[in-house]
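Me: I'd like a close look at one part of this model: the place where the two chains come together. Could you walk me through it in one go?

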Number of protein chains: 2
Amino acid sequence: MGKKVIDRRIQRTRQLLQEALLALILEKGYDAVTIQDVIDRANVGRSTFYAHFQDKEDLFLSDFETLRAQFEQHLLSQPATDEGPWSLSLMMFQHAQSQHRLYKALAGKQGGNVMLAHIHKYLAALLREHLKSSGKRKGLVPPDVLAHYLVSSFMALLTWWLDNDLPYPAERMNDMYRQLTEPGVMAVIGDS
Amino acid sequence: MGKKVIDRRIQRTRQLLQEALLALILEKGYDAVTIQDVIDRANVGRSTFYAHFQDKEDLFLSDFETLRAQFEQHLLSQPATDEGPWSLSLMMFQHAQSQHRLYKALAGKQGGNVMLAHIHKYLAALLREHLKSSGKRKGLVPPDVLAHYLVSSFMALLTWWLDNDLPYPAERMNDMYRQLTEPGVMAVIGDS
DNA sequence: TACAAATAGAACATCGTGTTCGGAAACATA
DNA sequence: TATGTTTCCGAACACGATGTTCTATTTGTA
């Protein structure tokens, strides 16, 4: 049985659709892209699209999975210098720099609501583990709010950076993020 | 000519539509609400809707205008204790508390992208004036990034607060916001 | 060649959008 | 009350996007 080759054919179709969507998002923004646009751009039949994905959001999320998998591989390839959430943010800035087209389509203004919500959720989960190991807190700011704040402000800098076409290197962006957030966080959780 | 009374009829129709949209947003979220839903809820004819508003977003923005007008009146009614952006944020937390239904529909998760983008833009403009008067900065973080950061982290706390049904009083939320952001901001712009 | 998997695309039903238009209702004026 | 004007209602319509179904075709395998 030639399963391998057939799989390749399927993979190729999926990839054509994914890339067509990314290109169209960068051109028109997520909301304005229709399924018709995507299958025209990808030269894929209508029924073929629905054989692979449920709807536009499903295709979009498959792009996110690609991103997430790449990022976690990037995480593993780096030495674990654990200095709180800011080592994590640095890796993400760096990864965004190396994949800025993908990031811009997904996390930029054009990407719309769906993806930002997913990235936010994903990062909040990653962050929770970092925060758990941190020392006792003074109870002024609930950990829930703290996590929400850290993720949101990071995403703010990231999307600003992407929408402005990366005017600074990743390390500089992370320094800004750290300088802005670290003093406040330290004052709130108390350095251990 | 009975212009006044006729105007009142128009105003009433607009208000019916605005309130119907707000209620539906709280129930289903902005994206899921169709124009058909709105005019059914408001008992307004289809053509009447299009006589008043261009489309769903237009109606949505008219709700935002209501909010903005109310907020600016709230601003004027308060004594101007100028301690940077945090007096502004406090007033907004307070105003959100007194109008939480409206705020939750517009700035909560349900409100979607459109409104958040508008509020963000509006706040960034307000903030720019506050930042201008602030002292010299050390140039580590560009003012553009700083403004983006301050607005985004404020919105993060605000939307978290609204989506969790106001578990703390406005003053407490503003304290959190201030404690988280003030140290970093001071370190970056240098206190004057 | 024979066979199976994957694709193309036409046809279709469905739904939401935005426009048009004739008649009904509300309101003002006299 | 009678009349004219403004506003509203809702049906009918054209349009475009969605998602499904079906048949024919292509591609790759044995």
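Reply: Some ground rules come first. This is a predicted model, where local features need pLDDT of at least 70 and side-chain atom pairs count only at pLDDT 80 or more, while totals for chains, interfaces and linings use all residues. Residues are numbered from 1 along each chain as its sequence is written, chains are lettered from A and ligands numbered from 1 in the order in which they are written, and side-chain values use heavy atoms, with hydrogens and water left out.

On to the interface itself. Contact (heavy atoms within 4.5 Å) links 26 residues of chain B with 26 residues of chain A. Together the chains bury about 2,400 Å², 69% of it on carbon and sulfur atoms; buried area here is the accessible area, with a 1.4 Å probe, that two parts lose on being put together, summed over both. In chain B, the residues losing the most area to chain A are Tyr149(B), Trp160(B) and Leu180(B), which together make up 26% of what that side buries.

Which elements do the touching? On the side of chain B that touches chain A, two or more residues each come from α7 (112-133), α8 (143-163) and α9 (170-189) of chain B (helices are DSSP runs of H or I, at least four residues, numbered from the N terminus). α8(B) gives the most, with 11 residues. By class, that side of chain B has 14 nonpolar, 10 polar and 2 charged residues, with Ala, Val, Leu, Ile, Met, Phe, Trp, Tyr, Cys and Pro counted as nonpolar, Asp, Glu, Lys and Arg as charged, and the others, Gly among them, as polar.

As for salt bridges (a side-chain nitrogen of Lys or Arg within 4 Å of a carboxyl oxygen of Asp or Glu), the rule finds 0 between chain B and chain A.

One last stop is the loop between α8 and α9 of chain B, where Asp165(B) sits. Phi of Asp165(B) is near 60 degrees, a positive value in a residue other than glycine.
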